[in-house]
Amino acid sequence: MDAERRRRVLIVDDEANQRSALSRMVERWGFIAETAADGQEALDKLPLFEPHAIVTDVMMPGMDGMELLSRLNEIAGAPPVIVLTAFGSMDAALTTVHEHGAFWFVEKPIRPRAFRVLLDRAVAHRRLSDDKERLERQLSSRGVLGKLIGSSPAMQKIFFLLRQAAPTHANILITGESGTGKEVVARLVHDLSPRSAGPFVAINCAALPETLIESELFGHEKGSFTGAITARQGCFELANSGTLLLDEIGEMPLALQSKLLRVLEDRRVRRLGAAREIQLDVRLLASTNRDPQKMVKEGKFREDLFYRLSVITVVLPPLRDRIEDIPALAETILAELNQKHHTRITSLDPAVLPALQRYAWPGNVRELRNLLERASVLAGEGEIRSEHLPQSLTGAEAEPPRRALGPIPSFTFNVGATLEQAERELIRITLTYTKNNRTRAAEILGINQKTLYNKLKEYGEAPDE
Ligand SMILES: Nc1ncnc2c1ncn2[C@@H]1O[C@H](COP(=O)(O)OP(=O)(O)OP(=O)(O)O)[C@@H](O)[C@H]1O
Ligand SMILES: [Mg+2]
């Protein structure tokens, strides 16, 4: 986890031993710890350290825990406080919570498991209220939700749905064409949930052969199959107390779908070759660029699994159906690219926009990003003008409008197909889609026309000039 995402805990105790023992404990759990010897020192450290939670002892020389609590109550947006109390002083502890506004208390000696759960809750609580505020602000002013951009009505509906659904435990199925932002949405759901302090793990179900996905998902014990030299945790275990994204769920083989269903029902996994099961707390997200309902009808996807995964469904619209979002998307992407390539692009030449809005964007936002990346490197600084864009987008060839090309066809392969077969088939359907316009096809494929021509020749399908 990178430092920016790690949660910070401020530990306040007059006893040096206790301070360092607690810091070590929370650091083992992935938090960043800072310490203070009394309430005043804690207050002094607040502005710079910006803790997500404070853990404080009560009895301290100088400013004690109660005084610290009452000072914190006067600070807007102060972090939640967990108070360390003497064993058996339950009444006093509850008073601390109810009357002095502590988040909760922990009895000494500290039981690490209970303490950890509490600390996670405190931090999540903080994040949630922070995020809510920030969201509301952003939403009203600009069409932005986290990293997601869109003021079009279609995207605004999705923002609304995400704000409702993200903080819950509901499984969410995210669908949409390639490059529409399914992964962005999945991360956002995690970030807006009380699990945001926990892990976010993504696994691409299309990238691995069946046997490997199984062990990737569920883990394995040493020696459970050839090549299993050591025991390994699966994605489910790694995502415990966080969120797991099953990317390209449509590619998951049927046999594995039933195993997945069982895990979802029992909320337990068994590593391959293991005797015992492990209890889990994982929020599941799944995404696909295929039509899951159609797959269910065709018998390629289990209906019961589909219903489990899609308690809520988010259908991301293709970019060509929300062209009003293109200016804002372009602006944000260009700013990001300036950072990445040290370019100084200021804006799009207004003359370019109509061309961008006429185009069909089969690769959606990802394609827009790629196109702007190329253009901004070409331009280097100032405006992006039509000469920085591919001719097919701006020239006479750009007609008729791309929208007329119709829905984007897709195809699937199972493991066993060769790279050459896949390449050949992709070229074929792209050409069908572009109605044999090779300039367009080469563009969509991200190769130059000469390469396309050579490949077709190689396959014995040299095109008619
Ligand atoms: N609404 C959006 N706002 C801002 N950026 C977006 C949006 N949608 C997509 N992007 C950007 O587009 C690119 C592709 O997004 P992402 O990887 O989430 O797509 P995807 O739907 O998962 O695609 P695939 O099906 O190919 O996996 C990323 O660079 C992402 O940051
Ligand atoms: Mg994706």
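The structure is a predicted model, in which local features need pLDDT of at least 70 and side-chain atom pairs count only at pLDDT 80 or more, whereas totals for chains, interfaces and linings use all residues. Residues are numbered from 1 along each chain as its sequence is written, and chains are lettered from A and ligands numbered from 1 in the order in which they are written. Strands here are DSSP runs of E with at least two residues, and helices are runs of H or I with at least four, both numbered from the N terminus; two strands pair if DSSP finds at least two bridges between them.

Both β12 and β15 belong to an open sheet of five strands with parallel pairing, in the order β9-β12-β15-β8-β16. Because β9 (200–204) and β16 (312–315) stand at the edges with a single partner strand each, one side of each is left without a neighbour in the sheet.

Elsewhere, β1 (residues 8–12) and β2 (residues 32–36) run parallel and are joined by five bridges, R8 having I32 in β2 as its bridge partner.

Around ligand 1 there are 17 residues, of which S178, G181, K182, E183 and V365 come nearest, a residue being near if its C-beta atom, placed from the backbone, lies within 6 Å of the molecule. Elements giving two or more residues to this shell are β7 (148–149), α7 (182–191) and α15 (364–379). Domain 2 (142–315) and domain 3 (319–404), with bounds from an automatic or database domain assignment, both contribute residues to the shell, so ligand 1 lies between them.
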